[in-house]
Amino acid sequence: MSDESMPAIERKTYPIDHLANKLATGIGAGRRLGLMTARKSGDGDPLVLVALLIDLVTGGLRLIEAPMRPGDNTYSSVTARVPQAHWFERSIRDFFGLTPAGHPRLKSVLLHEAWPQGFYPLAATSPQAPLRDTQARAYDFLQVKGEGVYEIPVGPIHAGIIEPGHFRFSCLGETIQNLEIRLGYQHRGIEERLQRTPWRRIPPFAEAISGDTTVGNALAHALAIEQLTGVAVPPAAAALRAAALEIERIASHIGDLGGLAGDIGFLGPAALFARQRGRALGLGERLTGSRFQSAFIRPGGVTRPLSEEMRRSILADVIAFAADFDEARRLLTDEPGAVERMENVGVVRPSLARDFGLVGPAGRASGQGYDVRAALRQPPYDVLDWTPAGSETGDVLARAMIRIQEVATSFDLLHQLLSTPLVDFEIMTTLPDTLPANAVGAGVVEAWRGELIHLAITDANGGLLRYAVKDPSFNNWTGLAIAARLELVADFPLCNKSFGLSYSGNDL
Amino acid sequence: MIAVFWLFVYLIHIAVLPLLFIGLVRWLKARLQGRQGPSLYQPFWDFAKMLGKGETISETATGAFRIAPLASLASVATVSLMIPWAGVPSPIAGDLVLAVYLLAAGKFCTSLAALDTGSSFGAIGASREAAISIQAEPALLLGLGALAVHAHDSRFAAFLTPSGGEHIVILAVLAGAAAWMCAMAELSRMPIDDPTTHLELTMVHEAMILENSGRNLALIEYTVALKTTLLLGLVVQIVLLAVPLRSIAVHYIVSILLLAATAAGLAISETVMVKLSWRRVPNMLSYAIGASALACLLVAMRG
């Protein structure tokens with residue numbers, strides 16, 4: 001079954017001056033920039049810039065590494081040629097102190113302004129504790145000038161029980177001229193924490209990165225470790241993982257559809273979707289023993305077998321649930337008032353979605369066909385019968401319809417996954433005791449928000465040199481800022497809900 | 001003695017009905033949406049709870065912020081003594097123009113208080129409330145005006161007394177429809193605004209009172225409840241013009257039942273309707289103005 005393990009990563013090193021060129025050519029040739037970050041290297045050597053390219057045709061992964069010049073903390077920015085690198089480069093500066101010369105809008109993306117100048121948590125050999133009495137970092141909001149322009153600051157603490165984030169609207173009357181999104185309030189130092197945690201103990205931390213994407217994060221971590229160690233997962237475990245992932249997608253999409261209905265004041269369907277989300281979480285509980293499906297997916301396989309009796313019972317409920325969901329979603333899609341309310345609101349044009357590399361349902365609503373499950377031909381999706389959803393219009397309605405289609409597809413995938421008995425099967429492969437030295441492993445997963453990446457790089461002793469996480473929200477927050485431009489202030493919550501982004505996954 | 005008795009009955013209605021009405025709307029809404037929902041009497045417990053709580057007041061707020069809820073309550077309470085909204089004769093024979101502009105004065109106080117706190121949400125809410133009011137006000141005034149001209153008397157007690165007359169059914173339907181739409185706009189209810197939302201950016205009325213807490217908030221919540229029953233009671237009385245009831249007891253019972261029916265109407269509209277986009281609000285209010293204008297035309301044509 002070694003043919004079912006992920007293909008190895010192609011690893012290449014280039015001089016730092018060639019980085020922008022290599023990335024731009026790679027993307028021009030049909031690859032996408034999965035993530036870009038930096039890492040430490042051997043004692044005293046300069047930091048190394050790291051970029052992961054994903055081939056959308058073959059599904060192959062390529063890691064490009066470019067060591068910094070000794071004694072020089074600046075490099076020439078790639079954002080001008082590869083727009084989707086804009087937040088990656090800002091994040092690299094925050095965490096490693098490397099400055100991209102020529103970045104069009106360089107400012108902090110994640111670190112809190114109360115943290116001292118010159119504090120770069122991932123660059124130092126041992127991070128110093130933040131001191132509040134040093135000179136604080138300033139945050140430079142984009143100012144919109146002109147007669148009658150005013151600003152509305154919203155958050156970081158919001159009226160609902162939701163995560164913290166600050167939105168700065170510059171408005172003219174009831175129209176948003178510019179929205180600046182400021183995040184980082186949920187920063188918990190996860191990457192640094194994971195790097196100094198013994199790798200066997202990482203899974204509980206990894207799956208807690210974003211509470212609503214437990215399965216996605218656990219799976220991305222497991223795939224990264226399996227690629228590092230060259231371990232193949234039993235087919236039954238791969239099927240159970242996919243089932244968990246699809247249940248998470250169903251629960252989250254239905255929850256957000258309920259939120260969309262609530263935001264347009266359509267409270268009947270909102271209450272119905274809220275109940276159905278609970279039912280989807282119930283499916284997860286029966287499959288994994290926990291409603292958010294934690295402690296189920298682990299490197300090497302899954303922790304809990306599925307009894308034949310339980311398989312039949314889940315399958316029966318999946319079939320009934322799919323019909324009930326179709327009835328519920330008709331309340332939304334067959335109501336002209338609701339459809340009209342979402343149409344032509346919060347449009348992201350396909351060209352912008354491509355330039356900024358939007359992922360997941362938001363990307364697919366704006367003409368980006370990329371779906372990790374299909375592009376990387378991951379088992380068991382390569383043998384199942386399904387097609388990714390797609391649309392071109394890029395408005396709130398398109399994002400809602402994509403989610404509806406994806407819920408239906410996920411029910412269908414669950415049906416296919418659970419329709420054959422899984423008797424006497426292996427669910428866990430034993431892992432080696434140590435990680436290989438100087439190796440790299442990447443876990444790329446189509447979580448419910450889109451492409452989620454965990455990247456693990458080991459040092460000469462087999463210790464974790466770098467553990468990088470890229471949540472789909474990291475790509476899509478820019479999409480929300482684009483969608484809000486020139487919309488009504490009162491329509492922003494609707495746009496926001498249609499993206500349904502994670503703060504904790506983004507802030508790490 | 002009889003006058004004192006009726007005044008007493010009237011005051012009991014003012015004290016009890018508003019919060020009970022809000023409780024009924026919420027209870028019905030919960031049932032319609034498949035939820036158990038809070039008790040019918042929850043608004044009373046909330047009111048008592050808020051009265052006993054301390055207040056947090058913005059540093060930039062002046063005396064206007066403290067006085068506004070009281071001024072607003074005074075204006076609405078005065079109007080509630082003028083309109084026989086519960087089917088019981090009102091103690092004051094108020095004039096319709098006075099009533100409409102007393103309500104506007106109350107709204108002015110609330111808007112002033114919202115601006116006073118310096119919160120951007122308060123300012124947004126105040127600006128939206130004003131924008132909606134200037135569209136709803138002419139519709140309400142024209143609709144009631146048509147009834148007043150029809151009765152040759154601008155006092156509520158007079159023109160809301162069923163007296164029959166030519167085309168009274170059409171007149172009552174047109175004026176009633178206009179009054180209902182204006183009430184939804186004035187009360188920030190669906191489809192203009194969703195009163196249950198927590199999204200500050202979409203709020204109208206709720207955005208203005210985000211800074212209020214404790215006793216101040218209790219007063220505002222009661223004022224809103226009183227205004228809700230008052231305006232919907234007015235709609236009921238307009239509709240009842242079309243079906244004159246002989247006995248005052250029957251009229252009273254039917255009025256209360258119809259008031260409960262408007263609660264059901266609110267609950268249904270807030271379950272099955274979609275909130276209008278901000279750009280569409282003038283469209284809906286143009287229907288209200290249209291209905292009022294037709295009512296005026298009808299009265300004018302008849303001479």
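Predicted model: local features only at pLDDT ≥ 70, side-chain atom pairs only at ≥ 80, totals over all residues.
How many of the 8 residues of strand β12 (residues 440-447) of chain A are buried?

View 1. Residues are numbered from 1 along each chain as its sequence is written, and chains are lettered from A and ligands numbered from 1 in the order in which they are written. In β12(A), 8 of the 8 residues are buried, so the strand is largely enclosed by the rest of the structure; a residue is buried if 20 or more other C-beta atoms, placed from the backbone, lie within 10 Å of its own. V440(A), A442(A), V444(A) and E446(A) point one way from the strand, and G441(A), G443(A), V445(A) and A447(A) point the other way. Strands are DSSP runs of E of at least two residues, and helices are runs of H or I of at least four, numbered from the N terminus.

**View 2. The hairpin of β12(A) and β13(A).** Strand β13 (residues 450-458) of chain A runs antiparallel to β12(A), and 8 bridges join the two, where strands pair if DSSP finds at least two bridges between them. The hairpin that they form has 2 residues between its strands, and V440(A) has I457(A) as its bridge partner in β13(A).

**View 3. Two domains of chain A.** The domain assignment gives domain 1 (6-101) and domain 2 (215-474) in chain A, with bounds that come from an automatic or database assignment. Their C-alpha centres lie 27 Å apart, and 20 residues of domain 1 are in contact with 23 residues of domain 2, contact being defined by C-beta atoms, placed from the backbone, that lie within 7 Å. On the side of domain 1 that touches domain 2, β2 (31-39), β3 (48-55) and β4 (61-67) of chain A each supply at least two residues, and β2(A) gives the most, with 6 residues.

**View 4. Where chain A meets chain B.** Here 24 residues of chain A are in contact with 22 residues of chain B. On the side of chain A that touches chain B, β7 (149-154), α7 (267-288), α9 (336-342) and α15 (492-499) of chain A each supply at least two residues, and α7(A) gives the most, with 4 residues.

**View 5. The helices of chain B.** Chain B has 11 helices and 0 strands, and its C-alpha atoms fill a box of roughly 60 × 45 × 45 Å, taken along the principal axes. Buried residues make up 49% of the 303 residues in this chain.

Notes:
Contact = placed C-beta atoms within 7 Å. Buried ≥ 20, exposed ≤ 12 C-beta atoms within 10 Å, placed from the backbone.
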